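Student: I have just opened this structure and would like a guided tour. Could we go through it together, one question at a time?

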Amino acid sequence: MTVSNNFDTMMPANPVSTVAPIKEVTDMTGATKQITALYCRLSQEDERSGESLSIENQKSILLQYAREQHFTNPVFFVDDGYSGTNFDRPGFQQMLAEMEAGHVKVCITKDLSRLGRNSSLVGLYTSMTFPKYGVRYIAINDNFDSNDPNSINNDFAGIKNWFNEFYARDTSRKIRAVQKAKGEKGLPLTTNVPYRYVKDPDDPKHWVIDPEAATVVKRIFDMCMEGRGPSQIARQLKENKVFTPTAYQKRQGRNTPNAEPENPYGWNSSTIVHILERREYTGCIVNFKTYTNSIWDKKQRDNPVENQAIFPDSHERIIEDEVFEKVQQIRQQRHRKTKSGRSSMFSGLVYCSDCGEKLYYGATNNYRTEGAFFDCSLHWKHKDKCGTHYIREKVLQQLVLQHIQMVTGYIYRHEAHFRQVMEQQLHAESAKQIAANRKALERSEKRISELKRLFIKIYEDNASGKLSDERFDMMSQTYEAEQKELEAEVTRLQKEIEVQETQIQNIEKFIQKAGQYVGIEELTPYVLHELVKAIYVDAPDKTRMSF
């Protein structure tokens, strides 16, 4: 901070709007040089109010007032683009630090709302914090002056603070309503287009593919399908000198919320994870992915998938739905490594046919590749609960490849017969399960309706005095807990029925995939994850695979 006989501006770097550069303190020597802090704040909502609330307008009013009242050493502290609902603002915090250091004599704002729109915190600062550090506070347009405690304007300050807070709440409600309406119509709510897309020049609400970036995204998904983890993918892209998303967009002249990294090729695993989890790459618009608890708590929290709004086929896809879902499954699987650091492409896919537990990946004492094997995890822990289900990785690879060759060859020669047999089998297996799920769904929905009627009844009994408050509270909590459990069960059953009813579509997709691998001679991680869902190992060495 610089103390001047005229005025200076103290502004931290602001990602929203830069008004003036920061000037550092060079001649602050003590209390005799105490400053007059002129605080300005403008939020994005305030900008709609016009020039009257602009930073330049506030500066002009504050400086003129300071000169007329003969306040010395005026210094501006500015927060441009920050909401008044919280006080975690760079300019305000810098001013507060100067107060705590004893460098501030007077603090002046255009009005109380410029200080903030949280009535509790504004009252705390003006009544407790500022007086604690000997700071006189003045809000010009509200005629508030802490040196005149008997002023009627000071008495009305609390009411004005409440109205300022109400304005913030009302504005927030309106913005949320607008965003909700847009989101439910399938319009993208994000201002930052996902990496690999750009806004259509003719329609900013529509995204088009950036071919160069799309190639990188496709490569990332391919490497994950090959069994590579986020750290391995990031390391490979770094070695190949592929620009990170931020570096790439900066070089394309596009705005990004992040600063350009020192190393333009410095990929990290979190960036890879973010890309692998973005459903937008399948051509969807995904709205309401996060939420905040209130206007006071700005922390973004992840919204459950069931609460999100997903609109498929909103723009051109680069990743197929099957590949995206398979990648999510791969990422949920933990790949067990041997002491030598090796892992297997079969990790997470091999199960014991008797106990259903996964088979652990291991190696012989010499850690040679040909000695690697899979063994039942339950047998390792409790030999008496499950017998040995053991198979060498090399043998497993040969058997899986042979099975894929056999199945794809059969489909190629007898596609119509394969489709007919599989459909009959699926109908036989799923018809009974669908009927059972529908019956359970009907029972749950009937019970939910009954609980709603019971809740109304106990409410009426409580209102009429037939049921005590304690009894009402206990019964209502019990009913609410049961209703939540039933609603969760209803959601689960509905999803299961949908999955079972779409099995025929899965057969068609599998036939199309199988046609791509007719005559395959080598088993790769990508092919394995494309075609194989699980592998079950019998004792001693019989293998059954589920596709």
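Predicted model: local features only at pLDDT ≥ 70, side-chain atom pairs only at ≥ 80, totals over all residues.

Student: How many disulfides does the structure hold?
Tutor: A disulfide needs two cysteine sulfur atoms within 2.5 Å. Cysteine 355 is in no disulfide, since the nearest cysteine sulfur, that of cysteine 352, is 3.5 Å away. For the structure, the number of disulfides is zero.

Student: Is cysteine 355 buried, partly exposed or exposed?
Tutor: Buried means under 20% relative accessible area and exposed means over 50%, with partly exposed in between. Cysteine 355 has a relative accessible area of 28%. That value makes cysteine 355 partly exposed.

Student: Let me step back to the chain. What percentage of its residues is buried?
Tutor: The chain contains 17 helices and 18 strands. Its length is 547 residues, and the buried share of them is 42%.

Student: Among contacts between residues at least 6 apart in sequence, what percentage joins residues at least 24 apart?
Tutor: Here we take the contacts in the chain between residues at least 6 apart in sequence. Of these, the share that joins residues at least 24 apart is 64%.

Student: What does phenylalanine 346 contact beyond its neighbours within four places in sequence?
Tutor: Phe346 is one of the residues with the most contacts inside the largest core. Leaving those sequence neighbours aside, phenylalanine 346 is in contact with Phe374, Glu393, Leu396, Gln397, Val400, Leu523, Leu528 and Ile535.

Student: How do helices H4 and H6 cross, left-handed or right-handed?
Tutor: The axes of H4 (residues 119-132) and H6 (residues 157-184) come within 8 Å and cross at roughly 140°. The crossing of H4 and H6 is right-handed.

Student: Which residues make the contact of H4 with H6?
Tutor: By class, this contact has two nonpolar, four polar and one charged residues. H4 brings Ser119, Ser120, Val122 and Gly123, and H6 brings Asn161, Trp162 and Glu165.

Student: Is glutamate 530 buried or exposed?
Tutor: Glutamate 530 lies in helix H17. Not counting residues up to four places away in sequence, it touches Met225, Val323, Lys513, Gln516 and Tyr517. Its relative accessible area is 11%, so glutamate 530 is buried.

Student: How far apart in space are glutamate 530 and glutamate 226?
Tutor: In sequence, glutamate 530 and glutamate 226 are 304 residues apart. From C-alpha to C-alpha, their separation in space is 9.8 Å.

Student: Is glutamate 522 buried or exposed?
Tutor: Glutamate 522 lies in the loop between helix H16 (503-516) and helix H17 (525-531). Its C-alpha atom and that of leucine 401, 121 residues apart along the chain, are separated by 7.2 Å. With a relative accessibility of 56%, glutamate 522 counts as exposed.

Student: Is glutamine 328 buried or exposed?
Tutor: Glutamine 328 is found in helix H11 (residues 321-332). Apart from its neighbours within four places in sequence, glutamine 328 is in contact with Leu276 and Glu277. Because its relative accessible area is 16%, glutamine 328 is buried.

Student: What is the phi of histidine 70?
Tutor: Most residues other than glycine have a negative phi. Histidine 70 is found in the loop between helix H1 (55-68) and strand E3 (74-80), and at 67% relative accessibility it counts as exposed. Although histidine 70 is not a glycine, its phi is positive, at about 60°.

Student: And what is phi of aspartate 313 near?
Tutor: Aspartate 313 lies in the loop between strand E12 (309-311) and H11. Its relative accessible area of 63% makes aspartate 313 exposed. Its phi is a positive value in a residue other than glycine, near 55°.

Conventions:
Residues numbered from 1 in each chain as written. Heavy atoms only, no water. Buried < 20%, exposed > 50% of the residue type's maximum accessible area, 1.4 Å probe, protein only. Axes fitted to C-alpha atoms, helices over the stretch in contact; angles between N-to-C directions. Helix = DSSP H or I, 4+ residues; strand = E, 2+ residues; numbered from the N terminus. Left-handed = near helix turned anticlockwise from the far one by under 90°. Contact = heavy atoms within 4.5 Å. Nonpolar A, V, L, I, M, F, W, Y, C, P; charged D, E, K, R; others polar. Core = buried A, V, L, I, M, F, W, Y, C linked by side-chain atoms within 4.5 Å.
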